[in-house]
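Open the model in your viewer and keep the sequence panel beside it. Each stop below says what to select and what is there.

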Amino acid sequence: MTTSIDRSHQLRAILVGDEPSAWEAAGFTVTEGSLMIGTTAVVLDPKMPSGICRADIEGLGGDVDGLPIGPIETPIDPPRDHRNLVRRFDHLVVMSPSIQRTSDALVEAGLDLRRTRTFPSGGQMRRQDFFWLGDVILELVGIDGVTDDGPASLWGLALECDDLDTAVIKLGDGVGPAKDAVQADRRIATIRTRELGVSVPIALMSPHARRGDV
């Protein structure tokens with residue numbers, strides 16, 4: 001059964017303050033400073049601050065609880081295969097010092113809160129709220145019940161690849177071992193981004209059994 005995708009808030013692009021060569025070392029095919037992952041572009045500009053500097057989300061603009069959201073100029077280039085076998089975005093991870101405040105701001109901006117998960121970790125209750133950005137999941141992470149000041153931030157990526165074991169072999173020392181993920185029937189491996197000069201945490205994941213799940 002095919003699940004229809006609401007693209008009214010599609011994640012169109014992210015802007016990252018990295019050298020293109022660092023992402024090439026992580027197994028991505030970069031053309032003129034940008035790359036396509038599924039339907040979403042990653043634009044690399046080493047003149048920008050490190051990390052994810054901005055997200056281009058259909059129908060959203062301006063500051064959403066500190067999250068920089070706005071248009072990103074992306075070169076028109078057809079998607080190309082990546083050596084790490086990444087095919088599509090899975091999650092865009094957002095961190096918040098006050099998860100309820102950020103979740104409320106995202107809902108007010110027009111996003112639909114699909115699911116909340118809480119679990120104990122390090123003596124605190126961690127919380128994850130999940131939203132759809134078209135065919136990409138926005139995973140909001142924070143500590144449940146905490147209301148610290150400070151903005152939310154665009155933090156990291158989880159990317160789906162066709163064959164995780166082969167991707168781990170191809171990347172060699174550039175990636176950690178594959179292991180079971182939190183999601184049932186999925187596996188995950190973490191790219192060693194710091195060693196490669198990539199400023200964004202990136203996890204590679206085996207495919208979803210059903211893309212409509214969140």
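**Stop 1: helix α2.** Select residues 99-108, which form helix α2. Ile99, Thr102, Ser103, Ala105 and Leu106 in this helix are buried; buried means under 20% relative accessible area, exposed over 50%, and partly exposed in between, with a 1.4 Å probe and protein chains only. The arc is that of the directions from the helix axis to the C-beta atoms. Helices (H or I, at least four residues) and strands (E, at least two) are DSSP runs, numbered from the N terminus.

Before going on, note that this is a predicted model: local features need pLDDT of at least 70, side-chain atom pairs count only at pLDDT 80 or more, and totals for chains, interfaces and linings use all residues. Residues are numbered from 1 along each chain as its sequence is written, and side-chain values use heavy atoms, with hydrogens and water left out.

Now show what surrounds the helix. The buried residues of α2 pack against β5 (62-64), β6 (67-69), β8 (113-121), β9 (124-133) and β10 (136-143), where contact means heavy atoms within 4.5 Å. α2 lies across β8, β9 and β10, and runs at about 10 degrees to β9. For such angles, axes are lines fitted to C-alpha atoms, for helices over the stretch in contact, and angles run from 0 to 180 degrees between N-to-C directions. After α2 comes Gly110, with a positive phi near 120 degrees.

**Stop 2: the sheet.** Select β7, residues 86-95. Seven of its 10 residues are buried, so β7 is largely enclosed by the rest of the structure. Which strands does β7 pair with? Eight bridges join β7 to β11 (residues 153-161), and these two run antiparallel; five bridges join β7 to β10, and this pair runs parallel. Two strands pair if DSSP finds at least two bridges between them. To see these pairings, select Leu92, which stands opposite Leu157 in β11, and then Val93, which stands opposite Glu139 in β10.

Zoom out to the whole sheet. Eight strands form an open sheet with mixed pairing, in the order β8-β9-β10-β7-β11-β14-β13-β12. β8 and β12 (179-180) stand at the edges, each with a single partner strand, so one side of each is left without a neighbour in the sheet.

**Stop 3: β14 and helix α3.** Select β14, residues 202-205, which pairs with β11 in the parallel sense over four bridges. Here Ala158 stands opposite Ala203 in β14. Helix α3 (residues 164-171) packs on the sheet and touches β11, β13 (187-190) and β14; the direction of α3 makes about 15 degrees with that of β13.

Which residues of α3 are buried? They are Leu164, Ala167, Val168 and Leu171. They cover an arc of only 100 degrees around the axis, which puts them on the same side of α3. What covers them includes α1 (20-25), β11, β13 and β14.

Asp163 caps the N-terminal end, with a side-chain oxygen 3.4 Å from the backbone nitrogen of Asp165. This is a polar contact: a pair of N or O atoms within 3.5 Å; within protein, one must be able to donate a hydrogen and the other to accept it, and residues adjacent in sequence count only if both atoms are side-chain atoms. Gly172 follows α3 and has a positive phi, near 55 degrees.

**Stop 4: Ser206.** Select Ser206, in the segment after β14. Is Ser206 buried or exposed? Ser206 is buried, with a relative accessible area of 11%. Its side chain reaches the backbone nitrogen of Arg187 at 2.8 Å. Not counting residues up to four places away in sequence, Ser206 touches Glu160, Cys161, Leu164, Asp185, Arg186 and Arg187.

**Stop 5: two aspartates in loops.** Select Asp185, in the loop between β12 and β13. Asp185 is exposed, with a relative accessible area of 77%, and has a positive phi of about 65 degrees although it is not a glycine. Most residues other than glycine have a negative phi. Last, select Asp65, in the loop between β5 and β6. Asp65 is buried, at 18% relative accessible area, and its phi is also positive, near 55 degrees.
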